[in-house]
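Biologist: Could you take me through this model and tell me what stands behind each label?

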Amino acid sequence: MNDEISDNQRTEAESEIKEPASELVVPGEVLPTTVHLLPLAGRPFFPAQVMPVIMNSDPWVETVEAIGNTANHMVGLCLVKSPDADHAAPDDFYDTGSIVRMHHPGRVDGKLQFIAEGVQRFRIVRWISRNPPYLAQVEYPEAPQEATDELRAYGLAIINSIKELVPLNPLYSEELKSFLDRFSPHEPANLTDFAASMTSASPEELQEVLEIVSVKRRMEKVLVLVKKELEVAKL
């Protein structure tokens, strides 16, 4: 479903959404418990991301129009196990995805496109509509309280490892600039999700990260992925 997104498109999308990463969920905001779902092929979408999403128009135009008629313009993005996302059935969806705000939806040359602003990870509780437009009841798992100093140490380790990537692979330069502008060790959850999205890990590994609720366990997993990326770049 998703066409390839260039670094320039990703950077332009991030520049259009001005809310800081620490306010992905606005204080006092009530997230919807019933959401429309769209399938993703290739990679999951993380709450810390802001980027364009492009898909074929025919299967999903009704879904996008339904989302446009809601007050919050939120939609759930889920990775699917099938490589053909346009024909994904409910059983193809992973249970954990990211709810995003949809900005600037439009149609061009048979494609739907919009900017997705990640908000929060969710878990599907039950399907309300098993035919497009897909609709599901969802819940938002809360991370347990964990030692702040330990999370900050992991955050610094992730940032330092990513900094090492830049001289080895110039393709990381733009994403690193965005990374350092938006995240700090004091925002471990968002920092970790964004760092995972920068790696070339497999869809299954990235989905595993998305499904980890504990920030500490997530950071442990992502640090391994980033160091693996560093080893490959050195080769």
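Modeller: Gladly, and burial comes first: buried means under 20% relative accessible area, exposed over 50%, and partly exposed in between, with a 1.4 Å probe and protein chains only. The model is predicted, so local features need pLDDT of at least 70, side-chain atom pairs count only at pLDDT 80 or more, and totals for chains, interfaces and linings use all residues. Residues are numbered from 1 along each chain as its sequence is written, and side-chain values use heavy atoms, with hydrogens and water left out.

Biologist: Why is Trp60 called buried?

Modeller: Its relative accessible area is 1%, and the limit is under 20%, so Trp60 counts as buried. Tyr134, at 4%, is buried as well.

Biologist: What makes Trp60 and Tyr134 a tilted pair?

Modeller: Rings of Phe, Tyr and Trp (its six-membered ring) pair if their centres lie within 6.5 Å; planes under 30 degrees apart are stacked, over 60 edge-to-face, and the rest tilted. The structure holds 4 aromatic pairs. In one of them, Trp60 and Tyr134 are 6.1 Å apart centre to centre with 45° between the planes, hence tilted. Trp60 lies in helix H2 (residues 57-68) and Tyr134 in the loop between strand S5 (111-129) and strand S6 (135-139), so the pair ties together parts that are 74 residues apart in sequence. Helices (H or I, at least four residues) and strands (E, at least two) are DSSP runs, numbered from the N terminus.

Biologist: What makes the pair of Phe93 and Trp127 edge-to-face?

Modeller: Their planes stand at 80° and their centres are 5.1 Å apart; the angle needed is over 60 degrees. Phe93 sits in the loop between strand S3 (74-79) and strand S4 (96-108) and Trp127 in S5, 34 residues apart. Both Phe93 and Trp127 are buried. Trp60, Phe93, Trp127 and Tyr134 form one aromatic cluster.

Biologist: How do you know that Gln49 is buried?

Modeller: Gln49 has a relative accessible area of 8%, again to be set against the limit of under 20%. Gln49 lies in the loop between strand S1 (34-40) and strand S2 (50-56). Leaving out residues up to four places away in sequence, Gln49 touches Pro44, Ala116, Glu117, Gly118 and Ser197, where contact means heavy atoms within 4.5 Å.

Biologist: Why is S2 called largely enclosed by the rest of the structure?

Modeller: Because 6 of the 7 residues of S2 are buried.

Biologist: What makes S2 and S5 a pair of strands?

Modeller: Two strands pair if DSSP finds at least two bridges between them. S2 and S5 are joined by 7 bridges and run antiparallel. Val50 has Glu117 as its bridge partner in S5.
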